[in-house]
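Dear colleague,

Please find the structure below, handed over for your own work.

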Amino acid sequence: MSALVLALTAGAVIGLALGALGGGGSVLAVPALIYLLGFTPVAATTASLVIVVFTSVTALSAHARDGHVRWRTGLLFAAAGIGPAMLGGALAGRLPEAALTAAFAGVAAAVALRMLRTRPLADTAAPVRPGRAAAAGAGLGAVTGVLGVGGGFLAVPALVGVLGLRMRDAVGTSLLVITVNSLATLVMRAGTVDRLDWAVVGPFIGAAILGAWDGKRLAAKASGRVLQRIFAVALLAVAAFMLIDAVT
């Protein structure tokens, strides 16, 4: 199968996940770029950030039109993560490829297990705790910087539980946070972006954007719990494969 077909297929699946679940697409983007398209771990995490930025901005515009983006709250949350994201982006290039792969697999497995064990977040508000909000934003930025993931799978629970956003607003606002953190990380990786294989990354982005629109429509029709379980099982399988690859 040609690289173009693989890029289009993987991009569509990842965009679908992002649109349906409000995050998580980039967790699949990195292994797809490594194992299907032959990218190195560092190149894959950089390419993933580029894909995440374009796809998240597209999905963000759709949620903003529906009035489900809390701009001030999202920017404050993202601001706490900009510094850690930039530091993590600088650190990623210095880590051994096996260590980067193993770290990514560990985070992916933890996220998958959490999704399997918990119910979808309720659409209720909670008190805002500024200290916890700053800590959550910083942690999310660090994960984005080192592993090249947007962090939507972590941002949505944090925005609901820490900042008290309702679920639909948290999904939309997480896309704003993802975009800001990913752009901050790309600043530190600017020298590597021009070396990406744009003949692969470009079609990947296009397919992901189209998939995100379909995912948003799917989320309105399908059970959130079913979608969450399917995604978690797929993510757990990918994490296991990557961990085995890193230690062998």
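**Cores and helix packing**

Within the largest nonpolar core, which has 38 residues, L33, L37, F39 and F204 touch the most other members. A nonpolar core here is a set of buried Ala, Val, Leu, Ile, Met, Phe, Trp, Tyr and Cys residues joined through side-chain atoms within 4.5 Å; buried means under 20% relative accessible area, exposed over 50% and partly exposed in between, with a 1.4 Å probe and protein chains only. At least two residues of this core come from each of α1 (3-21), α2 (25-36), α3 (41-65), α5 (97-117), α6 (130-147), α10 (198-221) and α11 (224-247). Helix α2 gives the largest share, seven residues. A second, separate core has 23 residues, V52, V162, V171 and V177 among them.

The model is predicted: local features need pLDDT of at least 70 and side-chain atom pairs count only at pLDDT 80 or more, whereas totals for chains, interfaces and linings use all residues. Residues are numbered from 1 along each chain as its sequence is written, and side-chain values use heavy atoms, with hydrogens and water left out.

As to the fold, the chain has 11 helices and zero strands, these being DSSP runs numbered from the N terminus (helices H or I, at least four residues; strands E, at least two). Of its 248 residues, 50% count as buried. Contact means heavy atoms within 4.5 Å; among contacts with a separation of 6 or more, 85% join residues 24 or more positions apart.

Leaving aside neighbours within four places in sequence, L33 is in contact with G38, F39, A44, A47, S48, I51 and F204.

Helix α8 (residues 167-188) has 22 residues and reaches 32 Å from its first C-alpha to its last. That is close to the expected 32 Å, the expected span being 1.5 Å times one less than the number of residues. Of the 22 residues of α8, 17 are buried. L183, found in α8, is partly exposed, with a relative accessible area of 43%. Its C-alpha atom is separated by 9.8 Å from that of G145, 38 residues apart along the chain.

The axes of α3 and α8 come within 8 Å and cross at roughly 150 degrees. Axes are lines fitted to C-alpha atoms, for helices over the stretch in contact, and angles run from 0 to 180 degrees between N-to-C directions. The residues making this contact include V52 and L60 of α3 and V171 and L183 of α8.

Yours sincerely
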